[in-house]
Amino acid sequence: MQKALLIFFFTFMLSMVAVAQTQDQGNARFHGYGTYGLQYHNFGVGAGLEYFFVDKFAFMPSFTFVFPPVGNESNFSADLRYYLSEGPSQLYFMAGYSQTWQNTQPDGVGTRRNNKGANMGVGAYIRITEGIGLSTEFRFQSPYPREVGFRIGFAIPL
């Protein structure tokens with residue numbers, strides 16, 4: 001199931017063609033990314049949709065599948081981003097809501113945790129071509145397991 005989602009997101013990302021990469025009201029970007037937590041060293045993959053509801057302000061809900069050594073974990077985030085700069089390299093600050101679901105047992109049944117909290121961070125969008133950009137982010141999430149980590153991936157303007 002998770003491999004099928006990865007293939008879908010990768011195919012979707014490559015099939016999109018875009019012309020605008022501005023931060024104007026009404027613009028949107030699709031993000032596909034990988035994550036890495038610095039405390040527990042867990043890798044994850046996810047996707048999100050960034051929508052500019054006002055110039056320089058964007059709302060980005062995203063969902064991430066995390067692959068811990070035992071059990072499974074997933075995360076939903078709904079972030080507000082404020083872009084400080086425009087052009088080929090765009091720096092932003094973000095803050096938002098985060099919810100993490102964990103199952104700490106190897107067979108899928110057992111201890112389940114559902115934790116809510118906040119996240120905050122800083123990131124950058126770097127234009128590679130007219131149809132794709134590099135998306136990077138350094139973030140802290142307050143819900144257990146309280147992890148500082150980073151995201152890196154591609155963003156495609158819609």
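Start with Asp79: leaving out residues up to four places away in sequence, Asp79 touches Ala58, Phe59, Met60, Met94, Ala95, Gly96, Tyr97, Asn119 and Arg139, where contact means heavy atoms within 4.5 Å. Keep in mind that this is a predicted model, in which local features need pLDDT of at least 70, side-chain atom pairs count only at pLDDT 80 or more, and totals for chains, interfaces and linings use all residues. Residues are numbered from 1 along each chain as its sequence is written, and side-chain values use heavy atoms, with hydrogens and water left out.

Asp79 sits in strand E4; helices (H or I, at least four residues) and strands (E, at least two) are DSSP runs, numbered from the N terminus. Asp79 counts as buried because its relative accessibility is 1%; buried means under 20% relative accessible area, exposed over 50%, and partly exposed in between, with a 1.4 Å probe and protein chains only. Two polar contacts involve its side chain: one goes to the side chain of Arg139 at 2.6 Å, and another to the side chain of Asn119 at 3.4 Å. A polar contact here is a pair of N or O atoms within 3.5 Å; within protein, one must be able to donate a hydrogen and the other to accept it, and residues adjacent in sequence count only if both atoms are side-chain atoms.

Now step back to the whole chain. The protein has one helix and eight strands, and from the N terminus on the order is α-β-β-β-β-β-β-β-β. Of its 158 residues, 41% count as buried. Take the contacts between residues at least 6 apart in sequence, and 50% of them join residues at least 24 apart.

Next, the hairpins. E2 and E3 run antiparallel and are joined by nine bridges; two strands pair if DSSP finds at least two bridges between them. Phe43 has Phe67 of E3 as its bridge partner. Two residues lie between E2 and E3 in their hairpin, and Lys56 in the turn has a positive phi of about 70°. E3 also pairs with E4, again in the antiparallel sense, over 10 bridges, and Ala58 finds its bridge partner in Arg81 of E4. That hairpin has four residues between the strands, with Gly71 taking a positive phi near 80°.

Phe93 belongs to E5 and counts as partly exposed because its relative accessibility is 45%.

Finally, visit Gly133 in strand E7 (residues 132–141), which is buried because its relative accessible area is 0%.
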